[in-house]
Amino acid sequence: MWEARVKKALAVMIQHNLVKFEASERNNNIAEYSIIHHNVYCLLRYPKYLYMIKRIYGTSEEILLEILLNLGQASASNVIFQSANRLKEANDDSEFSDPSALHKSFLKLAQDNFIIRCPKLADNANIQKVPTLVVEEKEKFTVPHLEIGPIAKLLKENATQLGEHGDSEVIWRVNHERFDFELRNVILVNAAARRVDATAGELYHLILKLWRECSNPDSPTTNALSFNVIKDAVRKNEGSSPVLLEHFEQYLRVLYEDTSSLIIKVGDAGGGQFVLNYSTVFENLACATLDSIVLERFGSKALRLFRLTRIQKFMEQDQMQNIAMIPAKEAKMFTYKLLEHNFLQIKELKKGTSNFAPVKSFILFHVDLPQQVARTALEASYKGLFNAMVRQMHDLTDNKRLLDKHARLETLLETLRGEGLPEDELAYLSDSMTAAEKSLVARIHSMNDHLTLGQTQADDTILILESYLKFSSMT
């Protein structure tokens, strides 16, 4: 009984790309299973995925992605069939029984790498007890020919299952790496907009699109773009604002002269050559994030000591308090608080003058950004995100009956208001909930909104720190 449940659980997790398997090194006939940690975490980002696709493309593509996320892995025909059924039910319109538009939308998602083929059985898989799965690089984003006619016929017959079809063996899943790339770009565009203004963010978004077309997204440094290429792209872009067209050179100069290193000028050919160093820009973003954490937890004086030590690399205690201009007692207190919470590290240097003289020691404070500080903050962000989720679930579960009652009442009032019921009768119905209950519901909704916002901000912090650690390990 338990064996059957374990098999079913493993099958579900493999179907949703949360677990992978491979032959054991000790025995090729035994499969070893391991969790794909990043994919498990990405479950929290599914709402962001859907919002992003709807903003870039539209509703049809959002429905396709939602169906694929619910299924975990599926063929293109199956995803299109189920999406068409969903649209047909939602709109009750016969035009949605024609899946050709959804087929075009699926092609867009594949061409832009938001979805990717799953590996298939290798040629020699039949002679192995633990099958080997492979996928060719050129086939990863290639959609095979689909038979749209049979799908449309089944939709007209109100069928609920597609059955066997031509591309049953070509399975697709969501490409998390592509979405990570887009989410990183959103953070960079927002950083440019906050640093300068919305028009600078618009220009930076356009430059990021150009970099993506000519560079490997996993490379720590992009290929160079010339001034003339960027200027032509701004002119050809239909969505470019008049302000950007008029002041393009000034905005570009502000971006590459800014200390945040969002754009780095590396040459003068073609009016100027510009690159993006992911390692540098995410180090700056990580430092700004860590500065904010230190400020909130320990105060401005601790932040001054933390920044000073990070900039100066290695510092003694007396040197820190003198340059930071903080009284000795406070400087020692904040220094050891930072040391206790792993924001500062110590290094001991010993200097012996001779074989008989005592050894003199120097204690130096320093900031180990990639190995200690960033990883400590990343762990704290994971814990904060988990705590916010648990608290949100606790509040919603404990007050479920009250929230359901409020939702039913609001739905009823909205229906009756649409039917033209007088306001005095609506007010009478509204009084079926006491003032204390209404106040509690308002508090729960407000708390829920704050917790949701906190989870979003924690996820942004996690993405910044993970990106910094990823690119810093490449350099």
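Helix 15 and helix 16 cross in a right-handed way. Start there, and keep in mind that this is a predicted model. Helix 15 covers residues 317–324, and helix 16 covers residues 328–340. Their axes come within 10 Å and cross at roughly 115°. Which residues of helix 15 meet helix 16? They are Gln317, Met320 and Gln321. On the side of helix 16, the partners are Ala328, Ala331, Lys332, Thr335 and Tyr336. Sort this contact by class, and you find four nonpolar, three polar and one charged residues.

Now step back to the whole chain. It is divided into domain 1, domain 2, domain 3 and domain 4. Domain 1 spans 44–174. Domain 2 takes in 179–276. Domain 3 comes in two pieces, 281–351 and 359–369. Domain 4 runs over 373–473. How many Å separate the centres of domain 1 and domain 4? Taken over C-alpha atoms, the separation is 32 Å.

Look at each pairing in turn. Strand 3 holds residues 74–75, and strand 7 holds residues 171–174. Two bridges link strand 3 and strand 7. Here serine 75 stands opposite isoleucine 171 of strand 7. Strand 4, residues 115–117, pairs with strand 7 over three bridges. In strand 7, valine 174 stands opposite isoleucine 115.

A further open sheet has three strands in the order 8-10-9. Its pairing is antiparallel too. Which strands form its edges? They are strand 8 (225–226) and strand 9 (264–267), each pairing on one side only. Strand 10 spans residues 273–275. Three bridges join strand 9 to strand 10. As one example, isoleucine 264 has valine 275 in strand 10 as its bridge partner.

Back to helices. Two packed helices are described by the angle between their axes and the distance between those axes. Take helix 13 (residues 278–298) and helix 20 (residues 435–472). They pack at an angle of about 140°, with axes 8 Å apart. That angle makes helix 13 oblique to helix 20. The crossing of helix 13 and helix 20 is left-handed. Helix 13 brings Tyr278, Ser279, Phe282, Glu283, Leu285, Ala286 and Thr289 to the contact. Helix 20 brings Thr461, Ile464, Leu465, Ser467, Tyr468, Phe471 and Ser472. By class, that contact has eight nonpolar, five polar and one charged residues.

Helix 13 has another neighbour to follow, helix 8. Helix 8 covers residues 176–195. The axes of helix 8 and helix 13 come within 12 Å and cross at roughly 65°. Is the crossing of helix 8 and helix 13 left-handed or right-handed? It is left-handed. Phe181, Arg184, Asn185, Ile187, Leu188 and Ala191 of helix 8 take part. They meet Tyr278, Val281, Phe282 and Leu285 in helix 13. This contact counts eight nonpolar, one polar and one charged residues.

Now follow some residues of helix 13 across both contacts. Tyr278, Phe282 and Leu285 are among those that touch helix 20. Tyr278, Phe282 and Leu285 are also among those that meet helix 8.

How values were computed. Residues are numbered from 1 along each chain as its sequence is written. This is a predicted model: local features need pLDDT of at least 70, side-chain atom pairs count only at pLDDT 80 or more; totals for chains, interfaces and linings use all residues. Side-chain values use heavy atoms; hydrogens and water are left out. Two strands pair if DSSP finds at least two bridges between them. Helices (H or I, at least four residues) and strands (E, at least two) are DSSP runs, numbered from the N terminus. Axes are lines fitted to C-alpha atoms, for helices over the stretch in contact, and angles run from 0 to 180 degrees between N-to-C directions. Angles under 35 degrees count as roughly parallel, over 145 as roughly antiparallel, 65 to 115 as roughly perpendicular and the rest as oblique. A crossing is left-handed if the near helix is turned anticlockwise from the far one by less than a right angle, and right-handed if clockwise. Contact means heavy atoms within 4.5 Å. Ala, Val, Leu, Ile, Met, Phe, Trp, Tyr, Cys and Pro count as nonpolar, Asp, Glu, Lys and Arg as charged, and the others, Gly among them, as polar. Domain bounds come from an automatic or database domain assignment.
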